[in-house]
2 protein chains.
Amino acid sequence: MPESFAQRLQTAIDRHGPVCVGLDPRWDRMPEALTKGKPPGDPPTIGRFCEGVLDAVAGQVAAVKPQSAYFEALGPQGPGIYSRLIDQARRRGLLVIGDVKRGDIGSTAQAYAAGHLLADEAPDAVTVNGYLGEDGLIPFLDAASRTGRGVFILVRTSNPSAKQIQDITDATGKPVYVHMAELVARLGRREGLLDADGQSSVGAVVGATWPDEARALRKVMPEQIFLVPGYGAQGATADDCMASFNDAGRGAIVNASRSVIYAHARQEMAGMDWTDAIATAAREFSADLRQALQRRFGQ
Amino acid sequence: MPESFAQRLQTAIDRHGPVCVGLDPRWDRMPEALTKGKPPGDPPTIGRFCEGVLDAVAGQVAAVKPQSAYFEALGPQGPGIYSRLIDQARRRGLLVIGDVKRGDIGSTAQAYAAGHLLADEAPDAVTVNGYLGEDGLIPFLDAASRTGRGVFILVRTSNPSAKQIQDITDATGKPVYVHMAELVARLGRREGLLDADGQSSVGAVVGATWPDEARALRKVMPEQIFLVPGYGAQGATADDCMASFNDAGRGAIVNASRSVIYAHARQEMAGMDWTDAIATAAREFSADLRQALQRRFGQ
């Protein structure tokens, strides 16, 4: 049996803190030092930017989360850059969460799982969408347990209109996102997914922008590791993120994307090399979380 | 203004019937004549299979629906084959619905829309997942209205566990899939998306496996074209599909994938060239739908 994703992620968190940096390479926000004179969206330049981010954050964060959309936007060359990035991250000791949010009927989910979890070049975990229910999720979970990889199922997303569908409440007052959480908790106990120390390799995406919902979800999903987007550019603070941790101050990893990887554009970083700016922002992000954890859990 | 997707699709349906063939290239089900002696998943062989399907169905169906998962499963070469396939389909006069089921927060949805709807090589329409609500959908809709392309939003999927999340009912008894349908109907009236003849370029995915739900949804979404999966291998009959059509016998397109593209394996096709088997199956599929429409709407 390969070491589980939950174990590998916990080891990385113990070493580097519960922090993940998102790789959302947007051409118009990348450092001019890289993009100047290049055709917009130039794939090798985007590859160089991503590698620069990896160098800047390696050893400071537990994981990186490349956002597939930005690579798919590059056309047929995009997936090659995404794959290379996964390999480069791994060589630098970073876990990789592929933010692909896939989801389909069982037979199709099997094909997605083959490409995104079973393949050698696959990331350590992927995000998936559970609107289709468990037969669309199980192929991903089976692939995860076979390969020691992980899955994060969308439960409560960080965006403003998350409420429209996710907050619909049933006759007993239970919202859709809690139903989804119960499904995630149940699926997370399937064979080969739950560790001896009670953490599942099936995690949940729970936006930092909704601390009240996160607190409720923490109770419904005691064994899930929460992947928490929404810190920084999306408006959530480190204190907001605390709702996603369990009583031991564990069980969550917070992601920041734009606030770290575009740090070169911040006034206080003026004149700094862009990779130094990213390294500084990653350190600040990690320290901010560590201090919030200390305030909240006395760690 | 480019001609709208809804108009182009209606023209194709008027000419070839409300039928779409799904391209789900699974290596283990492809004709031995093609796969023999080739390494499993060999990308050029898969490309040849897909082109053979296009040749067999061109002129007989309105559209084809390549399922992105099967191309992503091929690794970094997959997206190139998917793109080539879109181009080849178009040259044969077929509309292309890219079954990608993407969905993410607004800024990310914008990147997905850039790759999957704005790019020259993009298909005529894509499928998207609305679990994140409207801010994750609007970038796709804006890209569709700008380029004369379309979007099909998942409302009620064809798989067995569709009920788990989609059938949660609120205090008034209204299920999640009807809430999703109301959102789709409202978004489908945004500027540039509704045609003079009352059809929107924002359609809905409604599984043929749930005729009762489809009938209810037809009332909630009068302006949507329904993309109807589930016929054939998933168990729905042509009569089941009729619930997705409006009173004029229009407003829907039915998809069949496995029952058409793997027709060579059917006993009654034994000894037939695999492309002839597919052409025969596509003709039967189309005739089956035409007869059901005649029975139901007297067309």
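**Salt bridges**

I counted salt bridges over all chains and got 42, taking a side-chain nitrogen of Lys or Arg within 4 Å of a carboxyl oxygen of Asp or Glu as the rule. The model is predicted: local features need pLDDT of at least 70, side-chain atom pairs count only at pLDDT 80 or more, and totals for chains, interfaces and linings use all residues. Side-chain values use heavy atoms without hydrogens or water, residues are numbered from 1 along each chain as its sequence is written, and chains are lettered from A in the order in which they are written.

**K101(A) and D104(B)**

I looked up K101(A), which forms a salt bridge with D104(B), with the closest N and O atoms 2.9 Å apart. K101(A) has 8% relative accessibility and counts as buried, and D104(B), at 2%, is buried as well (buried is under 20% relative accessible area, exposed over 50%, partly exposed in between; 1.4 Å probe, protein chains only). Salt bridges that share partners join K65(A), D99(A), K101(A) and D104(B) into one network.

**Two bridges within a chain**

E223(A) is buried at 16%, while R189(A) is partly exposed at 44%. In chain B, D55(B) pairs with R92(B) at 2.7 Å between the closest N and O atoms. D55(B) lies in helix α3 and R92(B) in the loop between α5 and β3 of chain B, so the pair ties together parts 37 residues apart in sequence. I take helices (H or I, at least four residues) and strands (E, at least two) as DSSP runs, numbered from the N terminus.

**Interface of A and B**

I found 58 residues of chain A in contact with 58 of chain B (heavy atoms within 4.5 Å). The two chains bury about 4,300 Å² between them, 56% of it on carbon and sulfur atoms; this is the accessible area (1.4 Å probe) lost on being put together, summed over both. Four salt bridges are counted between chain A and chain B.

**Symmetry**

I superposed chain A on chain B with a rotation of 180° and 0.0 Å of shift along its axis, RMSD 0.0 Å (least squares on C-alpha atoms of residues with pLDDT of at least 70 in both). The two copies are thus related as by a two-fold rotation axis. The copies meet through the same surface, because 100% of the interface residues of chain A are also interface residues in chain B.
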